[in-house]
Amino acid sequence: MRDTKESRLLLVLLIAIAFALITVDIRGGEDSPVDGARQGAAAVFGPIEDGVSSAVDPVGNAVSAIRDSGERHDRLAALEQENAALKAKLGSDDRNRSRLAQLDKMLKIAGKGQYGIKGAEVIAIGAAQGFSWTITINAGANDGIKRDMTVLNGDGLVGRVTTLGPNTATVLLASDPDFTVGTRMEASDELGFASGQGDRPLRVELLNGKAEVKKGDRLVTFGSQADKPFVPGVPVGVVSRVDPSGGDLTRTLYVTPYVSFTKLDVVGVVVETPKQDPRDTVLPDKPQPKPTPTVTVTVTPSAEAPLGGQYEQEQ
C-alpha cells in the first residue's frame, strides 16, 4: 500500500476501532459482546495450533535428544570405566587374599620346622634353562639366595635352586624327571629316594625291599649333608600305590606330592637351616575319620498278625 493521505486515515481509523473493541471487551467482562467472535476464532485456529504443535514436538524432542546424547555417552563411558575399575579391584583383592593365605600357611610350616626362609614370587615357568619342570622366582643372589637351597611353600617340598641371577633364581621342581630327593617314612623311618615323573606321582624306591608300607602313609625329606640341597622334615607326599614285594632289594612306591606344581605362586627359599631335625612335626594333621551312621529298625507286630505265628514265635 502506498503512503498516501487516504492510507494514513485508514490506519488511524483501524487503530481507533481496535481500541474501541478492547475497551468494550474489558468493560463487558464475561458478557463481553466480542466473546462469541473470540470463541469462533479459537474453534477455527485451535486445531491448527495443535497440529502444528504435534508436528513440531517430535522435531524438538529429537533436537533435545541429539543435544543431550553427548552428555549421555560421556556418562555411559564413565560408568563403564568405573565398573571395569571395580572388577579389577575385586579381582586384585581376591588374588591378594589368596596370596596372604599362601604366605600364612608357608610361615606356619617354616615355624614348625624352624626354617629361616626368604619369600619370593613365581614370575615365570617353563624350560628357559633347558629343564622341563622349572620356575623362575623374583629373588636371587642379591637377596642371599644360593645354589642348592631347598624351596618350599605352604604345602611342602617345591624343589631346589639350580641357577642364580642377581635378582632372580631358577628352581628345579620335584616333579622333574631329573629331580631326586632322599625321603623318610613317617613313624617307620624307612628311607628311600623319590624321583619326579612329570605330572604323574613321584616314584620312590625304599632301601628295604621288605618294608611294611600301605596306601596313605606319608613321607618327608631325609635331609642332605650340610643341609644342601635339602633340609630335613619337609613334607613330600602321601603313598598312593605300593608295588608288591617281589623279593627285590628295594620296594617301589608311588607318592602323590603335597604340592600342586601347576599352581605355584608364593614360595620360600630356606636360607637358614634348622638346628634340629624336625622329624614328622611339619606334616599336616591327619584327617579325622568320619563316623559311620547306624540305622536301628524296630518291628512292631500288627493287630492282623495270625495267632499261629505268635504261638510259633513264643515256642
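Rings of Phe, Tyr and Trp (its six-membered ring) pair if their centres lie within 6.5 Å; planes under 30 degrees apart count as stacked, over 60 as edge-to-face and the rest as tilted. With that in hand, I found one aromatic pair in the structure. Phe-179 sits in the loop between strand S5 (169-173) and strand S6 (180-185), and Phe-230 in the loop between strand S9 (218-221) and strand S10 (235-242), so the pair ties together parts that are 51 residues apart in sequence. I numbered strands (E, at least two residues) and helices (H or I, at least four) as DSSP runs from the N terminus. Both Phe-179 and Phe-230 are buried (under 20% relative accessible area, 1.4 Å probe, protein chains only).

A note on sources: this is a predicted model, where local features need pLDDT of at least 70, side-chain atom pairs count only at pLDDT 80 or more, and totals for chains, interfaces and linings use all residues. Residues are numbered from 1 along each chain as its sequence is written, and side-chain values use heavy atoms, leaving out hydrogens and water.

Next I checked confidence, as pLDDT (the predictor's confidence in each residue, from 0 to 100). The protein chain averages 82, and 74% of the residues score at least 70. Helix H3 (residues 307-314) has the lowest mean, 48, while strand S3 (residues 150-152) has the highest, 98. Over residues 311-315 the pLDDT is below 50, and I found zero contacts (heavy atoms within 4.5 Å) for this stretch beyond near neighbours in sequence.

Key:
Buried means under 20% relative accessible area, exposed over 50%, partly exposed in between (1.4 Å probe, protein chains only).
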